[in-house]
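Visitor: I'm new to this one and would like to learn how to read it. Could you walk me through it feature by feature?

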Amino acid sequence: MGGDAYTFELFGLTFNWTNLISGTIICLFVFFLCYGLSRNLQMKPTKGQNLIEWLVDFTNGITRSQMSAGESAKYSYFIFILFIFLFVSNQFGLIFHFGWNGHEYFKSPTADPVITLTFSLLCVTLSHFAGMAQHGMKGYLKEFVSPFTLFLPIKIVEEFSNFLTLGLRIFGNIYAGELLLGLIGQVAFSHGIWTLPIGLALEIVWQGFSVFIGAIQAYVFVTLTSVIFLGR
Amino acid sequence: MFVLAESNALYVGDQIFYLVSFIILALLVWHFAWKPVTDMMQKRADKIANDIDTAEESRQLAEKLAAQRQEELNGSKAEAAQIVEEAKKSGESQRAQIVATAQADAQTMKEQARQDAEQARENALRGAKDDVANLSIEIATKLVQKQLNAEDQQALIDSYIEGLVKHES
């Protein structure tokens, strides 16, 4: 975890090089992964097609377990692309973590709260639009005072807590995972050659566990997103 | 914000960058991967449903054909039995007819033969009668010519003829 954030200013907005590089690489990776797997589609699926169809079925299963078939079809693509993006983001930081001259160039974007909160804000905002589209403006506003008016403050607080918990849960898990990876790395090199085997073993175990956490957190994120969509 | 542990500022630029790149990524993946894959999955689901329907239809058709064939088989069995029965019956009737014809023919022939024999007998009898009459008249004439007069002779002949007539009947 190298030092200060590597930022620059443009049009009065602050940009972070680490996030820009990581995000671009992950977007490219996700695109070429999906593009490569969906070539040569056949009625009887083969290698790559099986994988992407399994992925589609998996994310469709997340939405379908929450809503009716007609409703879930509207959100299934958003859930699919969100899941793949978050999953790849969570895993990339474990495999490649690149820093130079006290600056990080590449890490999991989901280890940055700004990015995870961007995604949770996106999900919550989209869910509001979905609620308006589905019930109309009147029905959407009525949801805030149901079952009765006393619930209005609770519902408003819930909107903020949805936004914060959704974003901070995934950030906390991934950030902690990467932080601990770094700490174990420091332990490995702390006392010369003797701590190396211990550090290596710990690192392997923790990396395996982080892969698991990354998958679970991506799954939890999209599941909760679909729950929020359902709540509208 | 206190949550920005790693970052020392709120990078609004990053947020916009991620939002825009995520939307572009979503659009591209939608066009190049999601749509073809889900289309293919839908097509496959349709095909499977279609195949199930077709299989059901062809099964019903096969069942119907089998039933029809069984029915036809039963029908042909009955028909064969009927044909044999008919042949038997017609043979029987033909036999009866032949026998009857033969019997009738034999009867006719017997009758004819009997009639012929009768005729022949009658003819022979008639011839013999005439001969006997002529002979006896001749004999009688010769015998009585000497003893009887004409009157007695006439009586004798009459009685004789009467006797002949009686005999004949």
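Visitor: What should the 18 residues of helix 2 of chain A span?
Guide: Helices (H or I, at least four residues) and strands (E, at least two) are DSSP runs, numbered from the N terminus. The expected span of a helix is 1.5 Å times one less than its number of residues. Helix 2 of chain A covers residues 47-64, so those 18 residues should span 26 Å, and the end C-alpha atoms are 25 Å apart, which agrees. Keep in mind that this is a predicted model, where local features need pLDDT of at least 70, side-chain atom pairs count only at pLDDT 80 or more, and totals for chains, interfaces and linings use all residues. Also, residues are numbered from 1 along each chain as its sequence is written, chains are lettered from A and ligands numbered from 1 in the order in which they are written, and side-chain values use heavy atoms, with hydrogens and water left out.

Visitor: Which residues are buried in helix 2 of chain A?
Guide: Buried means under 20% relative accessible area, exposed over 50%, and partly exposed in between (1.4 Å probe, protein chains only). In helix 2 of chain A, the buried ones include A:Ile52, A:Glu53, A:Leu55 and A:Val56. Over in helix 4 (residues 113-142) of chain A you'll find A:Pro113, which is buried with a relative accessible area of 0%.

Visitor: How is the rest of chain A put together, in helices and strands?
Guide: Chain A has six helices and four strands, and from the N terminus they run β-β-α-α-α-β-β-α-α-α. Of its 232 residues, 44% count as buried.

Visitor: And what is the secondary structure of chain B?
Guide: Chain B comes to two helices and zero strands. Buried residues make up 15% of its 169 residues.

Visitor: How many residues of chain B are in contact with chain A?
Guide: Contact means heavy atoms within 4.5 Å. By that rule, 36 residues of chain B touch 51 residues of chain A. The size of an interface is often given as the accessible area lost when the parts come together. Buried area here is the accessible area (1.4 Å probe) that two parts lose on being put together, summed over both. For chain B and chain A that is about 3,700 Å², with carbon and sulfur atoms giving 76%.

Visitor: How many salt bridges are there across the interface of chain B and chain A?
Guide: Side chains of opposite charge can pair when their charged atoms come close. A salt bridge is a side-chain nitrogen of Lys or Arg within 4 Å of a carboxyl oxygen of Asp or Glu. The rule finds one across this interface: A:Glu53 and B:Arg44 meet at 2.7 Å, N to O. Over all chains the count comes to eight.

Visitor: Where do B:Arg59 and B:Glu63 lie?
Guide: An α-helix has 3.6 residues a turn, so residues three or four places apart point the same way. B:Arg59 and B:Glu63 both sit in helix 1 (residues 12-147) of chain B, four residues apart, about one turn. Their side chains meet in a salt bridge at 2.8 Å, N to O. B:Arg59 is partly exposed at 42%, and B:Glu63 is partly exposed at 47%.

Visitor: What separates B:Arg114 and B:Glu111?
Guide: About one helical turn, because they are three residues apart in helix 1 of chain B. Salt bridges that share partners also join B:Glu56, B:Arg59 and B:Glu63 into one network. As for B:Arg114 and B:Glu111, they too form a salt bridge, at 3.2 Å, N to O.
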